[in-house]
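I opened my notebook to look up a few things in this structure. My entries follow.

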Amino acid sequence: MKSTNNAPDQLHRRSFLRIAGMTGAGWIMGTSALTLLEGGVGKLFMPLNDRLDALLLNPQKPVPEFPTSTIEPEALITNTFRFTPMIDLNTFRLSVDGEVKNPLNLDLARIQQLPLTSMVIRHVCVEGWAAIVQWGGVRLSEIVKLAQPKPGVRYVYFQSADGYYESWDLASALHPQTLLAYQKNGAPLPVENGAPLRLAAPIKLGYKQSKWVTRVTLTSQLLPQKGYWEDQGYEWFAGL
Ligand SMILES: Nc1nc2c(c(=O)[nH]1)N[C@H]1C(S)=C(S)[C@@H](COP(=O)(O)O)O[C@H]1N2
Ligand SMILES: [Mo]
């Protein structure tokens, strides 16, 4: 993925999404998530902790999923820009930190005790390909709840073992189909696809979906470093 000029890429992405058969509904979902993030009327009288609590207590509407018969096992192209990190599964811990009352260090056994959610969604990469994939894992919202975020939290940062980093708006991170996945197409997640844990969600472009996630940080501030590709000119929200 080359990353110098933003505008032509935007055009490319829009026309590509049309070709890929994304309906207007996809854009409406993206817009409503953005509207929620930006505030709207609620902002004037609703304290921030109500916003956070509302997102945690009333899950957003799920995006329609695909039947398992439409999974395209060969279509998911491995897209790794740096290297595939070596992760020792026995010592692996997911740390959850930042503005939380209960910072966490979870091993894989603990993560796999949490409810398993499975979904069949379309993965869309800006480079011009897409794939219908089944992902299984834990909802990120489950993990965020365990960490007990403080009221001002609005963003979630993800650090990966290959040095990749990403930031998401809170509403997208708490969406019921935003998973930390450890299964792909019904089998354990292969290392090239991000094992032991990767983000998977039908509401964001491929580059938002960090592989080899080791650290989740909840914050009230978006740092100047927004993401590996974003810091080279790509769009931050990157909603589908
Ligand atoms: N840590 C990390 N996460 C990453 C990437 C990467 O290079 N490193 N590439 C991104 C891009 S652009 C895409 S399209 C998807 C590809 O996922 P896949 O390799 O499992 O197909 O991973 C995303 N997450
Ligand atoms: Mo991508």
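I count two residues as in contact when heavy atoms lie within 4.5 Å. The model is predicted.

**Entry: Leu197 and the cores**

I looked up Leu197 with that cut-off. Leaving aside neighbours within four places in sequence, I found Leu197 in contact with residues including Phe92, Leu94, Leu108, Ile111 and Leu180. Leu189, Trp212 and Val213 are also among the contacts of Leu197.

Next I looked up the largest nonpolar core, which has 35 residues. Leu94, Val96, Ile143, Phe158, Leu180 and Leu197 touch the most other members. Helix α5 gives this core its largest share, 4 residues. I also noted a second, separate core of 13 residues, with Leu76, Trp129, Ala131 and Trp135 among them.

**Entry: helix α5**

Which residues of α5 are buried? I listed Leu140, Ser141, Ile143, Val144 and Ala147, in a helix that spans residues 140–147. Seen down the axis of α5, these buried residues fall within an arc of 160 degrees, so they line one face of the helix.

Gln148 follows α5. Gln148 sits in the loop between α5 and β5 (155–160). Its phi is positive, about 55 degrees, although Gln148 is not a glycine. I noted that most residues other than glycine have a negative phi. Gln148 counts as partly exposed, because its relative accessibility is 39%.

**Entry: Ala173**

Is Ala173 buried or exposed? Ala173 is buried, since its relative accessible area is 0%, and buried means under 20%. I placed Ala173 in helix α6 (residues 170–173). Beyond neighbours within four places in sequence, Ala173 is in contact with Leu140, Ser141, Val156, Trp168 and Thr178. Val156 is 17 residues from Ala173 along the chain, yet their C-alpha atoms are separated by 7.0 Å.

**Entry: strands β3 and β4**

Strand β3 (residues 117–125) is mostly covered, with 7 of its 9 residues buried. I found β3 paired with β4 (residues 129–139) in the antiparallel sense, over 9 bridges. Met119 has Trp135 of β4 as its bridge partner. The hairpin has 3 residues between the strands, and Gly128 there takes a positive phi near 105 degrees.

**Entry: two loops**

I looked up Asn185 in the loop between β7 (179–184) and β8. Asn185 is not a glycine, but its phi is positive, about 50 degrees. At 25% relative accessibility, Asn185 counts as partly exposed.

Where is Pro196 found? I found Pro196 in the loop between β8 (187–188) and β9 (198–200). The peptide bond from Ala195 to Pro196 is cis, with omega near 10 degrees. Most peptide bonds are trans.

Technical notes:
Residues are numbered from 1 along each chain as its sequence is written. Chains are lettered from A and ligands numbered from 1 in the order in which they are written. This is a predicted model: local features need pLDDT of at least 70, side-chain atom pairs count only at pLDDT 80 or more; totals for chains, interfaces and linings use all residues. Side-chain values use heavy atoms; hydrogens and water are left out. Buried means under 20% relative accessible area, exposed over 50%, partly exposed in between (1.4 Å probe, protein chains only). The arc is that of the directions from the helix axis to the C-beta atoms. A nonpolar core is a set of buried Ala, Val, Leu, Ile, Met, Phe, Trp, Tyr and Cys residues joined through side-chain atoms within 4.5 Å. Two strands pair if DSSP finds at least two bridges between them.
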